[in-house]
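Please read the following report alongside the sequence and the model.

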Amino acid sequence: MIAHLPILQVILPLMAAPLCLMLKRPQLVWVFALIASGLAFVVSVLLLQQVMTTGVISYELGGWQAPWGIEYRIDKLNAFLLLIISGISTIVLVAAQTSIEKEIPKDKHVYFYVLYLLSLTGMLGIVATGDAFNVFVFLEVSSLSAYALIAMGQKRQALWASYQYLIMGTIGATFILIGIGLMYQMTGTLNMYDLSQRLPEVAQTRTVFAAFAFVVVGVCLKLAMFPLHLWLPNAYTYAPSIVTAFFAATATKVAVYLLIRFTFSVFGVSFSFTTIPLETLFMALGLVGIFVASTSAIFQSNVKRLFAFSSIAQIGYMIVGFSLTTVTGLTATLLHLFNHALMKGAIFLALAAVIYRVGSVELTNLRGLGRQMPLTMAAIVIGGLSLIGVPLTVGFVSKWYLLIALIEEGLWPVAVLILLGSMLAVVYVWRIVEVAYFKEPLDKNVIVKEAPLSFLIPIWALVIANIYFGIDTRLSVQVAEAAAQSLFGGAL
Amino acid sequence: MLIDLFNHWIVITLMMCGLYMVIAHGNLIKKLVGLAVFQTSVFIFYISMAKVDGGTAPILADGIVHYSNPLPHVLILTAIVVGIATTALGLSLVVRIKEAYGSIEEEEIQQQDIQHQKNNAHTKVKLEEEA
Amino acid sequence: MVVAFAIIRMKDLFAVVMLLGIYGLLSASFFVAMDAVDVAFTEAAVGAGISTLLMLVVIAITGRKEKANRHKPLPALLIVLITGGLLVYGTLDMPHFGAADAPIHNHVAPRYIDDSMAEVGVPNIVTSVLASYRAFDTFGEVVVIFTAGIGVLTLLSVARRKEDDEEATAINDSMHEQHLVIRIVAKILIPFILLFALYVQFHGDFGPGGGFQAGVIFAAAIILYTMLFGLNTARKVINQTFIQLIAAIGVLLYGSVGIVSLMNGGNFFDYNVLASDPIAGQHLGILLIEWGVGCTVASIMIVIFFNFAGRRELYQHNQVPQNQEPS
């Protein structure tokens with residue numbers, strides 16, 4: 001079965017989804033979904049091990065040779081992402097059952113798990129595949145399930161947020177489709193590896209330039225990169241908390257992956273960054289994104305929304321690292337992918353616990369919670385410290401690498417700006433700490449209990465991971481560095 | 001030579017009509033119609049690149065040498081399905097939005113949301129004053 | 001062209017949707033001219049059929065007039081012009097329309113055209129690429145439609161009460177007395193439509209057609225039945241849970257074909273190992289997955305239509321579900 005790992009990765013959650021629909025009892029479905037996601041995680045661990053020792057794994061679907069059939073191509077980069085996605089999905093699912101009890105009507109629980117698994121399938125499929133058109137298909141699987149999941153939110157704004165996301169997402173996907181079409185027209189192939197071999201021949205044509213532009217803009221729409229981020233805050237704020245935790249930790253990562261995959265592997269470093277001044281543009285947008293989004297975060301009164309803006313700022317950091325086009329810069333981006341998933345997973349899960357107990361995450365509702373829900377609030381604080389980049393947390397590691405990368409290139413002003421950006425994070429995290437620990441509760445007669453164990457276990461698993469990978473950086477750095485190096489090696 | 005590209009340009013014009021409709025119109029259904037037009041035009045673009053002069057439909061038969069390229073046809077079959085799936089989901093969102101807001105005009109919905117936020121802010125200030 | 005511009009100008013949503021249907025039909029005929037018969041078939045069924053129908057149902061719920069305000073036309077125009085400009089710029093180096101020496105006709109495609117008969121054994125190349133060479137894309141497509149179906153269900157499904165059912169049936173009965181002729185004609189027609197769907201299902205190997213088109217046609221027959229005999233009658237004939245089950249089974253059937261080929265020692269979706277003879281294996285594989293596609297598509301289409309129509313019925317009885325708290 002070892003030879004079939006790449007396909008099992010995607011097929012496990014995929015087949016589990018329709019089976020869920022047959023089980024009917026929400027309790028049972030939850031256990032089943034958890035098992036499916038857990039198995040996918042095990043597969044991803046095995047895959048990563050295999051890739052680290054033997055190198056690229058290619059899997060031909062239907063037994064047809066690569067450019068004719070569809071190929072799954074697992075290298076260090078996507079093995080790393082598969083691990084992040086399936087891992088976070090499993091941890092978040094642990095808390096799902098308790099959380100949706102309060103947020104989603106009973107008769108929709110089964111559908112929730114089905115859509116959750118489909119969304120997971122979509123993301124894994126995008127990452128694992130080596131075929132450009134297959135990316136589009138699985139992109140739509142994950143997006144459609146995302147729209148439906150977001151629309152399940154309690155408030156009516158969730159519907160509007162989901163609609164906006166649907167429009168933006170579909171435009172983005174159609175742009176990617178146009179880009180793929182243009183590439184296909186110039187090369188006659190859809191396989192990514194084959195594309196990377198054949199594109200250099202026609203790299204000077206205007207058609208390829210247009211193809212590149214469409215793919216990049218399309219991916220950036222999905223990525224919510226500044227200034228194309230407008231759909232994200234609403235979507236994150238009004239989606240059910242579990243969905244927010246899952247998406248905040250994974251969905252944008254998949255888009256970052258696509259961006260890296262298309263610019264580095266498919267079009268090639270030399271085309272993406274020498275023919276077109278992409279790096280300057282991206283660095284500028286990344287920096288502006290950090291500042292605008294962090295500043296907006298400071299003025300939010302809804303904590304979920306606050307952290308949604310913070311997510312956009314964090315994407316800015318990833319883009320800056322990416323725009324350096326050096327091995328260290330890319331390592332920083334990949335590390336931040338991993339670390340950001342840990343931080344945001346922990347924070348949004350903790351917020352889900354707050355919603356479970358208090359019913360809302362307006363800043364005023366958090367008053368005095370530091371004493372009433374000590375463990376949950378401590379998790380938010382540690383996650384926040386990690387966002388700022390305090391030593392001994394994962395956030396520090398990725399910021400550190402980013403700074404080194406910038407200094408290597410002699411970009412001192414940018415490094416200073418990055419540090420200033422982190423100061424803004426201090427401000428918004430402090431606002432939460434102040435309210436939670438130094439303000440009296442609004443109504444002293446209401447006693448709020450600590451979150452149930454089904455929340456605390458996954459939350460603290462992520463928090464401990466936050467600290468563990470902040471101290472013992474061997475695993476994450478090693479993988480990220482190897483992945484970055486292989487991308488510059490040119491081969492897929 | 002430009003005549004040969006004429007076909008592409010028509011398709012582009014159609015695409016842009018659709019895109020314009022999505023961005024500029026406030027009515028939610030009209031936006032979805034725009035999206036459908038946009039997508040359909042992309043389909044036309046794919047299909048027109050599969051055409052070979054003197055070729056026939058890609059169903060094997062005796063005595064025919066030239067066939068049109070079957071691959072874009074396959075891709076577009078898939079894309080059409082994706083398109084209808086998106087449209088269906090979008091429409092069901094519109095129905096729910098109509099129920100929740102009583103309107104399907106973008107501006108009216110945004111106004112209602114802003115109004116709602118203002119009200120929220122007021123009550124919050126009051127609560128804090130009381131505390 | 002003209003149609004597209006007309007759609008922009010029109011304020012009456014009913015007319016807009018009708019024009020969209022016409023646009024779908026026109027592009028379908030364009031596809032025929034471009035030799036893409038399979039695509040034309042699908043576009044005619046989907047673009048001109050199903051999507052128009054769904055939009056009409058929604059308009060019936062939401063009202064058909066568009067408000068006069070058109071905000072931010074200038075930025076929109078700017079974005080559109082930039083995008084369009086980029087595309088036109090991109091076309092300048094494109095291979096010319098219909099040129100046989102374009103890269104796409106010379107790299108991957110020739111193998112499909114030259115060898116698919118020997119490798120897959122199906123005359124319709126589109127079917128062999130769709131169901132065998134790129135079977136996984138098609139699987140993804142089935143999953144997309146399944147996802148959409150579940151999505152619509154979560155958004156629109158309503159818990160039903162018994163009394164309402166009876167009341168509604170009474171109204172429907174009185175309403176449909178007048179359409180006696182149509183109903184009789186339809187009764188005669190529907191079996192033939194269903195038969196045609198089956199024909200399309202099986203004939204996909206040789207001519208245009210296949211699981212997806214068959215599924216849509218099948219669903220269309222059921223929808224026609226629903227429109228004429230009322231939603232409740234149709235619901236009695238076809239149980240909701242049962243339909244969902246069929247949809248799930250369709251996806252599972254498709255996936256299991258892949259898993260069985262795994263078990264038999266091949267790769268996922270490697271049909272060669274399904275039977276002792278590779279060609280027979282390919283035939284079997286394609287047959288099974290086409291059935292998977294057909295099942296899922298037909299049942300999801302029916303589910304989607306039922307849910308939209310169910311919502312509409314609620315409106316007719318003025319009982320908008322107030323599950324949305326006025327937050």
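## A charged network between chains

Is C:Asp137 buried or exposed? C:Asp137 is buried, because its relative accessible area is 1%, where buried means under 20% relative accessible area, exposed means over 50%, and partly exposed lies in between (1.4 Å probe, protein chains only). Salt bridges that share partners join A:Asp131, C:Arg134 and C:Asp137 into one network, a salt bridge being a side-chain nitrogen of Lys or Arg within 4 Å of a carboxyl oxygen of Asp or Glu. In the salt bridge between C:Arg134 and C:Asp137, the closest N and O atoms are 2.7 Å apart.

C:Arg134 also forms a salt bridge with A:Asp131, and there the closest N and O atoms are 2.7 Å apart. This pair crosses between chains, since C:Arg134 sits in the loop between helix H6 (125-133) and helix H7 (135-156) of chain C, while A:Asp131 sits in the loop between helix H4 (109-128) and helix H5 (132-151) of chain A. C:Arg134 counts as buried because its relative accessibility is 1%, and A:Asp131 counts as buried at 0%.

## Basis of the model

This is a predicted model, in which local features need pLDDT of at least 70 and side-chain atom pairs count only at pLDDT 80 or more, whereas totals for chains, interfaces and linings use all residues. Residues are numbered from 1 along each chain as its sequence is written, chains are lettered from A and ligands numbered from 1 in the order in which they are written, and side-chain values use heavy atoms, with hydrogens and water left out.

## Other salt bridges

Over all chains, the structure holds five salt bridges. One of them links A:Arg73 with A:Glu71, with the closest N and O atoms 2.9 Å apart, and both A:Arg73 and A:Glu71 are buried.

Chain B has four helices and zero strands, where helices (H or I, at least four residues) and strands (E, at least two) are DSSP runs numbered from the N terminus. Of the 131 residues in chain B, 69% are buried. Among contacts in chain B with a separation of 6 or more, 44% are between residues 24 or more positions apart, contact meaning heavy atoms within 4.5 Å.

B:Thr78 lies in helix H3 (residues 70-101) of chain B and counts as buried, because its relative accessibility is 1%. Not counting residues up to four places away in sequence, B:Thr78 touches A:Phe133, A:Val137, C:Asp137 and C:Glu141; C:Asp137 also belongs to the salt-bridge network.

## The nonpolar core

The largest nonpolar core has 352 residues, and those with the most contacts inside it are A:Phe112 and C:Phe136; such a core is a set of buried Ala, Val, Leu, Ile, Met, Phe, Trp, Tyr and Cys residues joined through side-chain atoms within 4.5 Å. This core draws at least three residues from each of domain 1 (1-68) and domain 2 (120-318) of chain C, with domain bounds that come from an automatic or database domain assignment. Leaving aside residues up to four places away in sequence, A:Phe112 touches A:Ala96, A:Ile100, A:Ile104, A:Leu149, A:Met152, A:Ile242 and A:Val243.
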